[in-house]
Amino acid sequence: MPEGPEIRRAADRLDAYVTGKPLIELELPDWVDADSTALRDSGITAVRTHGKLMWVEFGTGHALTIHLQLYGRWRFGRVEPAMSRSRRAAFVGPQGGGWLYSATDVYLLPPGVSPERPRGLDPLHPETTAATLATRLLASPRRQIGSQLLDQNVVAGIGNYLRCDALFLAGVAPERRAIDLSESRLNALAAALLLLSRRSLATTGITINSELFADERAARIPRRFARHYVYGRAGHPCRSCGRPITRETIAARPFYACRHCQR
Ligand SMILES: [Zn+2]
C-alpha cells in the first residue's frame with residue numbers, strides 16, 4: 001500500500017498538471033452524484049494531502065477525497081497510458097494530467113464540509129517537528145510502539161516500510177512502549193520518522209542515505225534490496241552489525257528488524 005510520501009508525490013504531480021489551469025477533461029467515478037461540467041468549468045484550486053488521504057479542491061468549494069487503499073493507482077503524463085484496470089477518474093489540463101484507476105474510496109464533499117482527516121500528525125507537513133511527534137507518541141504511553149506507528153490517528157502517512165526503517169534507524173525494538181524509552185531515544189525515533197518520510201518523498205521511495213544506496217547499486221544489489229535499511233531485506237545482512245535481518249508479524253503486518261541492533 002502506498003504510504004504518505006507516495007501519496008504526496010502523486011498529489012504534487014497532479015497539482016502541476018491541473019491546479020489553476022483550465023480543465024480540458026474531468027471525469028468522476030460514476031457513483032459520485034455531481035454536476036461535473038460546473039466542477040470542470042470552476043477548475044481545481046488545490047491538491048492537498050494529510051497522511052494517506054488526498055483531496056482535490058474545486059473553484060465551486062467542493063472537495064473530492066481520494067483514498068487509494070490497496071488497489072488504487074495513479075498514472076500521470078501528457079496522454080493517458082494503456083491500463084488494463086478500470087478507470088475511475090480523469091483530471092486533464094492543457095499539458096496532460098492524472099488518471100485514477102481501481103480506487104473505490106472516492107467521495108465528493110459539498111462546499112463548507114472539510115475532509116475527515118486522520119488525527120495523526122503528518123511528518124511531511126512543514127509545521128511537524130520531531131518534538132511535536134515525540135509528544136504525540138507519548139500520548140498513548142503504554143501501547144507497543146510497533147503497532148502505534150501504524151495508527152493513522154497517531155502519525156498520519158506511516159505505513160510498513162517507514163515503520164520498519166524508522167525503528168531500525170532509532171535502534172528501537174517494536175515491543176517497546178513510549179513510556180519505556182528515554183527522552184533521547186524517543187526523540188531519535190521521532191526524528192527518524194521525520195527524516196525518512198521526507199527523504200522518501202524527495203528520492204521516490206528510497207529510505208537509506210544516497211551514498212549507501214549508490215554503493216549498493218554499484219555492487220549490483222537489486223534496487224528492492226538496496227533502497228531500505230531493513231524493510232523487505234529478510235536474510236540480508238544488517239548494515240550495522242552484519243547479522244541477518246529477520247521477518248516477523250507485528251500488528252498483523254510483516255515486520256523486518258535487526259534483533260541485535262534494536263533494543
Ligand atoms: Zn544489526
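Strands here are DSSP runs of E, at least two residues long, numbered from the N terminus. By that rule, Y107 belongs to strand β8, residues 105-109. The model is predicted.

**Y107 and its surroundings**

Y107 is partly exposed, because its relative accessibility is 46%. Leaving aside neighbours within four places in sequence, Y107 is in contact with A63, L64 and T65. A63 is also a bridge partner: in β4 it pairs with E57. Another residue to look at is L28. L28 and Y107 are 79 residues apart along the chain, yet their C-alpha atoms are separated by 9.4 Å.

Start with β3, residues 53-58. Is this strand enclosed or open? Five of its six residues are buried, so β3 is largely enclosed by the rest of the structure.

Strand β2 covers residues 44-50 and pairs with β3 in the antiparallel sense, over six bridges. Within that pairing, R48 stands opposite W55 of β3. The hairpin of β2 and β3 has two residues between the strands. In that hairpin, G51 takes a positive phi near 60°.

Strand β4 covers residues 63-67. β4 and β3 run antiparallel and are joined by five bridges. This hairpin has four residues between the strands, and G61 in it takes a positive phi near 100°.

In a regular strand, side chains alternate between the two faces of the sheet.

**Salt bridges**

How many salt bridges does the structure hold? The count is 12. Side chains of opposite charge can pair when their charged atoms come close.

| Pair | N to O distance |
|---|---|
| R48 and E57 | 2.9 Å |
| R259 and E175 | 2.8 Å |
| D180 and R177 | 3.1 Å |

Take R48 and E57 first. Their closest N and O atoms are 2.9 Å apart. R48 counts as partly exposed, because its relative accessibility is 40%.

Next come R259 and E175, whose side chains meet in a salt bridge of 2.8 Å, N to O. R259 lies in the segment after β10 (253-257), while E175 is in the loop between α5 and α6, so the pair ties together parts that are 84 residues apart in sequence. R259 is partly exposed at 31% relative accessibility. E175 is partly exposed too, with a relative accessible area of 36%.

The side chains of D180 and R177 also meet in a salt bridge, at 3.1 Å from N to O. D180 has 32% relative accessibility and counts as partly exposed. R177 is partly exposed as well, at 29%.

Salt bridges also form a network. It links E25, E27, E80 and R87.

**Helix α6**

Helix α6 spans residues 183-202, which makes 20 residues. From its first C-alpha to its last it reaches 29 Å, close to the 28 Å expected at 1.5 Å a residue.

Which residues of α6 are buried? They are L186, L189, A190, A192, L193, L194, L196, S197 and S200. An α-helix has 3.6 residues a turn, so residues three or four places apart point the same way.

What covers the buried residues of α6? The cover includes α1 (4-18), α3 (130-138), α4 (145-148) and α5 (160-170).

S197 counts as buried because its relative accessibility is 2%, and the cut-off for buried is under 20%. Not counting residues up to four places away in sequence, S197 touches P5, P123, L124, I158 and L162. Just after α6, T204 takes a positive phi of about 50°.

**A nonpolar surface patch**

Which residues make the nonpolar surface patch of about 360 Å²? They are M1, L70 and Y71. M1 lies in the segment before α1. M1 counts as partly exposed, because its relative accessibility is 47%.

Technical notes
Residues are numbered from 1 along each chain as its sequence is written. This is a predicted model: local features need pLDDT of at least 70, side-chain atom pairs count only at pLDDT 80 or more; totals for chains, interfaces and linings use all residues. Side-chain values use heavy atoms; hydrogens and water are left out. The expected span of a helix is 1.5 Å times one less than its number of residues. Buried means under 20% relative accessible area, exposed over 50%, partly exposed in between (1.4 Å probe, protein chains only). Contact means heavy atoms within 4.5 Å. Patches are made of residues with over 30% relative accessible area and no salt bridge: like charges are joined within 9 Å, nonpolar side chains (Val, Leu, Ile, Met, Phe, Trp, Tyr) within 5 Å. Accessible areas come from the Shrake-Rupley method with a 1.4 Å probe; for residues, only the protein chains shown count as cover. A salt bridge is a side-chain nitrogen of Lys or Arg within 4 Å of a carboxyl oxygen of Asp or Glu. Two strands pair if DSSP finds at least two bridges between them.
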